[in-house]
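Q: Could you show me how to read a few features of a protein model, one step at a time?
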Amino acid sequence: MFHPEELKAVEERLRAWEGTTLRDSLKKQPEWRGDFVTTSSVPIRRLYTPLDVGTKSYNERLGMPGEYPYTRGIHPTMYRGRLWTMRMFAGYGDAADTNRRFKYLIEHGETGLSVAFDMPTLYGYDTDAPEAKGEFGTCGVAVSSLRDMEILFDGIDVANVSTSMTINSPAAILWAKYLAMAEEHGIPWTKLRGTIQNDILKEYQAQKEWIFPPEPSMRLVVDTFEFGSKHVPQWNTISISGYHIREAGATAGQELAFTLANGFEYVRWGLERGLKIDEFAPRLSFFFNAHNDLFEEIAKYRAARRIWAREMKETFGSRNPRSWLLRFHSQTAGVSLTAQQPEVNIVRTAIQALAAVLGGTQSLHTNSYDEAYQVPAEKAVRIALRTQQILAHESGVANTVDPLGGSYFVEALTDHMEEEAYQYFDRIEALGGVIPAIRKGFFQQEIANSAYRYQKEIEDKERTIVGVNEFVVDEPAAVEPLRVTTEAYERQLGRLRRIRKDRDPKKHARAIEALRKACEGDENTMPRILDAVRAHATLGEICDTMRVVFGVWEEPLLY
Amino acid sequence: MPKKIRVLIAKPGLDGHDRGAKVVARALRDAGMEVIYTGLRQTPEDIVEAAIQEDVDAIGLSCLSGAHMALFPGIVKLLKKRGAGDIVVAGGGIIPDEDVPKLKKAGIQAVFGPGTPLIEIVQFFRNAAK
């Protein structure tokens, strides 16, 4: 980006500065620690200059927003054209409880919906399954039946709002329930917009909400790609997620590398099915964490866009620029929230959200300050949403595209992130690819190592966490409690009983049998799942059918 | 040489958040203890069986999904029923303050919330084995 002669002059000036101004300053005031590192322990130098950007071509490395390689953003005008979607992840209790929370959030200005499901739903169990004991509605909403899905979106205009669903192993089933619900309202699927997370690879690596082994799981994912591209063209059939990889302990570089490696693996599986890349790749979307270290996070998003665009175009031969775009949702780092002095989390979340916005996110969830204790209470959620609104309307950061583009530091960090990602791609390939590496526990061990190192740094006070290992106060945390009610649990159990009693048993049995056969064969399972849902088969019944055919995954044990 | 302290780190219920459990397992190992990690989605019966089979001194339970009240006390009860009431049980995770006294009353001897220093947990298990 700089002429060699200019760089030579800068280098001379730098050396002179080091020998005079800097040297004198360090004599008077030495730096207060030996190493300055990012949240991910990447060493950061005192000063970055044009020398760190060098003679690399601006047009090749950065280009213009809305154009390859999209380093500066996927839209030509970014937030001047449209602000990011403010999409708060929400769910607790039964569908009626969560429906009220959705309406509350819409009333306060959120612009997209995002469903958090409870643990039994994530694992494909109905609320009344023995495995679900104690887990109803505690960290998300229970959706066992089509009726639950109807209640969840009651009075919400699903034709005109986009809905994201954090669901993975049983993603196809919950999506089918959403599609069936829209069908009942007479809304054509072509009008529906939204996302299913549907990223099973990172479940084995990090979030651990897996049911089936990798191969049948990947088949279900590709079934949704294929079905979506034909019938629900505006739906993102996957959200390839680094968020949970990071939450489990990965560094920013690992989050970036593992997420993109997973992305390429989905592309390969789609191609193996015989799908054309530009038929399904435009509907692949991404999801990243927004952690504490502002510049490291911004660099991560920028590197992600550049790598994805390059690999889609150069390696996979995509011709449609829509396939080159890395569109992403982001969420502030849940793992960074402290139980100590919880109000301080509002500040952490604001800085993290700023990183996501400066990094060009398409949608954003901001965590609530009370989430080291519970699913958030109303007031805490509203403050989290207000944080985004302040960024959008008061801070001025959305006025121009990629405001940090050209910063010597941010560009150098972006390049560093990119290099680290390619090193990991090589290591993963050497292990035989993503799925063999999962079987060997590679990702799991890398993540566990980083998590332990981070914790040790806090223990050893190499890393300061305000309120935890420094600036500690001894006072009880003031958090407004939110508990799931027994009434909600009873409502949910009653609904399940009624559904099983009232549905047509012959139609139900036929649909389950047809689904079982589809799972045993190689047809696309989506139409059969939809029929089962329409026949009021519950989530647990559908997953049990699949468990019998596909088996269940057992992960390598390590720590 | 004194006998090594043996600890079972267990994940009851459906919760998949295993970062904390693994970090604690490693800290206990680094502190010289024998650590057995159960892996995810263990029933109370699985955990009690593993604890008895492995002849552990203590169990550390981890749950971040909110199901701790439904899962932790039953494990203590089951241990007693199997004649293994001498095994010390501690728990950790996302646990509201108001649940802590209830868990202690149910025989969970310590509850470690977010931000607990590892050294505190290590010290607890050292004392537990005495």
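Q: At roughly what angle do the axes of H9(A) and H11(A) cross?
A: Keep in mind that this is a predicted model. The axes of helix H9 (residues 214-231) of chain A and helix H11 (residues 252-273) of chain A cross at roughly 70° and come within 10 Å. Angles of 65 to 115 degrees count as roughly perpendicular, so H9(A) is roughly perpendicular to H11(A).

Q: Which residues of H9(A) and H11(A) meet?
A: From H9(A) come Met218(A), Val221(A), Val222(A), Phe225(A) and Glu226(A); their counterparts in H11(A) are Tyr266(A), Trp269(A), Gly270(A) and Arg273(A).

Q: Now chain B, please. In what order do the strands of its open sheet lie?
A: Reading across, the five strands follow the order S2-S1-S3-S4-S5, with parallel pairing. Strand S2 (34-37) and strand S5 (110-112) of chain B are at the edges; each has a single partner strand, so one side of each has no neighbour in the sheet. From one strand to the next, the twist averages 20°.

Q: How many bridges join S1(B) to S3(B)?
A: Strand S1 (residues 6-10) and strand S3 (residues 58-63) of chain B run parallel and are joined by four bridges. Take Val7(B): its bridge partner in S3(B) is Ala58(B).

Q: How many residues does each chain give to the contact between chain A and chain B?
A: Chain B gives 28 residues and chain A gives 31 residues. On the chain B side, H1(B) gives the most, with five residues. That side divides into 15 nonpolar, seven polar and six charged residues.

Note on methods:
Residues numbered from 1 in each chain as written. Chains lettered and ligands numbered in written order. Predicted model: local features only at pLDDT ≥ 70, side-chain atom pairs only at ≥ 80, totals over all residues. Contact = placed C-beta atoms within 7 Å. Helix = DSSP H or I, 4+ residues; strand = E, 2+ residues; numbered from the N terminus. Nonpolar A, V, L, I, M, F, W, Y, C, P; charged D, E, K, R; others polar. Axes fitted to C-alpha atoms, helices over the stretch in contact; angles between N-to-C directions. Parallel < 35°, antiparallel > 145°, perpendicular 65-115°, else oblique. Pairing = 2+ DSSP bridges.
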